[in-house]
Amino acid sequence: MTRAMEQVGAGLEKIVAGSLRRSPAGQGPVLAWAVACGQAVAARTRAIEYAEGVLRVEVPDAGWRAELQALAPQYLAVLNRYVAESVKRIEFVMMDKNAGEGARATRS
């Protein structure tokens with residue numbers, strides 16, 4: 001049973017990676033963020049853009065930013081396994097809570 005589940009998992013990973021590699025230019029890393037970071041982190045963060053090798057990810061506060069920055073090398077490895085475009089760096093930005101609903105992220 002375990003062997004069969006491993007094969008299913010490997011098959012699903014190939015399908016996901018293939019789909020992400022065929023995504024429109026600049027969208028692969030953004031779409032792959034939730035796969036790379038996992039469900040719990042994806043629920044509290046949001047990949048907002050990818051340009052020139054940098055994926056910008058919105059985080060709720062400085063604590064999350066510090067924690068995720070420490071994990072960035074692992075996230076980069078996973079992202080680059082799934083996407084065609086090379087992600088060189090992840091920039092974690094905090095949401096500007098003072099600007100309201102349509103707020104832009106602020107760099108810190």
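**Burial, nonpolar core and aromatic pairing**

Of the 108 residues of the protein, 38% count as buried. The structure is a predicted model, and its secondary structure amounts to four helices and four strands. Read from the N terminus, these elements follow the order α-α-α-β-β-α-β-β. Among the contacts with a separation of 6 or more, 53% are made by residues 24 or more positions apart.

In soluble globular proteins, nonpolar side chains tend to be buried together. The largest nonpolar core here holds 23 residues, and the members that touch the most others are W33, L55, I90 and F92. At least two residues of this core come from each of α2 (28–37), β1 (46–51), β2 (54–59), α4 (62–82) and β3 (89–95). Helix α4 provides the largest share, seven residues.

With residues up to four places away in sequence not counted, W33 touches V41, T45, A47, L55, V57, Y75, L79, I90 and F92.

Two aromatic pairs were found in a search of the whole structure. In one of them, the ring centres of W33 and Y75 lie 5.1 Å apart and the planes meet at 70°, so the arrangement is edge-to-face. This pair links distant parts of the chain, with W33 in helix α2 and Y75 in helix α4, 42 residues apart. Y75 also counts as buried, at 8% relative accessibility. Together with F92, W33 and Y75 form one aromatic cluster.

Methods. Residues numbered from 1 in each chain as written. Predicted model: local features only at pLDDT ≥ 70, side-chain atom pairs only at ≥ 80, totals over all residues. Heavy atoms only, no water. Core = buried A, V, L, I, M, F, W, Y, C linked by side-chain atoms within 4.5 Å. Buried < 20%, exposed > 50% of the residue type's maximum accessible area, 1.4 Å probe, protein only. Contact = heavy atoms within 4.5 Å. Phe/Tyr/Trp six-rings, centres within 6.5 Å; stacked < 30°, edge-to-face > 60°.
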